[in-house]
Amino acid sequence: MNGVDGVEASGRGRADTADRESWARRTLLFIAPDDTISESLVHAVEREFPWIAAERVRDLSATWTAFNPSVSLILIDAVFLSEIDSCSAQLARFHPGAMTAVMQDDGRRRLFPDEVFASRVVRGVLPMNLKLDVWLSVIRLMLRGGEYFPLAMFQSYLNNGMPHSEAKESKPAIKRQAALEEPGQLTCRESQILEMASQGLQNKTIAAALRLSEHTVKIHMHNIINKLGAHNRTEAAALFHARRVAAAGMVPSADRPVISTLT
């Protein structure tokens, strides 16, 4: 009897473990034209993150369905950036809680900060010209809910503060340039909160670390966004990174091997 009980208990244990593993698994969804995401890249993701199933679809309409496991991260090709906001309701319906980031490949479709920050959906940019280990580290950050924007995107801001539509300088562009040039306009507390926000930390985490109420952190973030002339906390964090680069006099390097060449 004890042996049978032991087998039954062991069977239940294995079933419980399988249930937990099934619940923990998530899908990483690539939305890109055919042949853009190589099979080797998909395998690299699934080797690095065994709990992730990487799926590829060729356009946005192919995402209007539930995936099993549920989608945790959506990586969209830059060619679809202009369409993504009009599909925000469908994305929220079928993939609630999934983070969306745009894949940057300057050889195919260059990205500009003003168009990325104008999006209500995009919360990060994934460069496709990084070394594989670095690229996978950015994926890991995004799977954990962190936001990432490459410094190379902000060269136009570092040079003259103008957005990609260089025909004329808009007021938001002037505000962003002023934000880069006037590092003293934030209080010490605001600078501290902005730095933490730029690391992908949420208000609740920042509040706990600084022993503040979450409401106080929200007020600080509101003031930071207004002072920097940003549209949201994501753009404010990006300006923080750009200001650091400007202060250090660094120029982002483009001499990196391209992931798409992997076989």
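This is a predicted model: local features need pLDDT of at least 70, side-chain atom pairs count only at pLDDT 80 or more; totals for chains, interfaces and linings use all residues.

Student: How many helices and strands does the protein have?

Tutor: There are twelve helices and five strands.

Student: In what order do the five strands form the sheet?

Tutor: The order is β2-β1-β3-β4-β5; the sheet is open and its pairing is parallel. The edges are taken by β2 (52-57) and β5 (122-127), each of which has a single partner strand, so one side of each lacks a neighbour in the sheet. On average, neighbouring strands of this sheet are turned by 25° against each other, with direction ignored.

Student: Is β5 largely enclosed or largely open?

Tutor: Largely enclosed by the rest of the structure, because five of its six residues are buried.

Student: Which residue of β4 is the bridge partner of Ile76?

Tutor: The partner of Ile76 is Val102.

Student: Back to the helices. What does α2 lie across?

Tutor: Helix α2 lies across β1 (26-31) and β2, and runs at about 155° to β2.

Student: Let us take Glu46, then. Where is it placed?

Tutor: Glu46 belongs to helix α2 (residues 39-48). Its relative accessibility is 30%, and therefore it counts as partly exposed. Apart from its neighbours within four places in sequence, Glu46 is in contact with Ile52, Ala53 and Ala54.

Student: What separates the C-alpha atoms of Glu46 and Leu28?

Tutor: A distance of 9.4 Å separates them, and the two residues are 18 residues apart along the chain.

Student: A change of topic: at what angle do α9 and α10 cross?

Tutor: The axes of helix α9 (residues 188-198) and helix α10 (residues 203-210) cross at roughly 130° and come within 10 Å. The angle makes α9 oblique to α10. Their crossing is right-handed. Arg189, Gln192, Ile193, Met196 and Ala197 of α9 make the contact with Ile206, Ala209 and Leu210 of α10. By type, these residues divide into six nonpolar, one polar and one charged.

Student: And at what angle do α9 and α11 cross?

Tutor: Helix α11 (residues 214-228) and α9 have axes that cross at roughly 95° and come within 10 Å. That angle makes α9 roughly perpendicular to α11. From α9, the contact involves Arg189, Glu190, Ile193, Leu194 and Ala197; from α11, it involves Val217, His220, Met221, Asn223, Ile224, Lys227 and Leu228. These divide into seven nonpolar, two polar and three charged residues.

Student: Finally, what share of the residues in the protein is buried?

Tutor: Buried residues make up 41% of the 263 residues. As for the contacts with a separation of 6 or more, 70% are between residues 24 or more positions apart.

Methods
Residues are numbered from 1 along each chain as its sequence is written. Side-chain values use heavy atoms; hydrogens and water are left out. Helices (H or I, at least four residues) and strands (E, at least two) are DSSP runs, numbered from the N terminus. Buried means under 20% relative accessible area, exposed over 50%, partly exposed in between (1.4 Å probe, protein chains only). Contact means heavy atoms within 4.5 Å. Two strands pair if DSSP finds at least two bridges between them. Axes are lines fitted to C-alpha atoms, for helices over the stretch in contact, and angles run from 0 to 180 degrees between N-to-C directions. Angles under 35 degrees count as roughly parallel, over 145 as roughly antiparallel, 65 to 115 as roughly perpendicular and the rest as oblique. A crossing is left-handed if the near helix is turned anticlockwise from the far one by less than a right angle, and right-handed if clockwise. Ala, Val, Leu, Ile, Met, Phe, Trp, Tyr, Cys and Pro count as nonpolar, Asp, Glu, Lys and Arg as charged, and the others, Gly among them, as polar.
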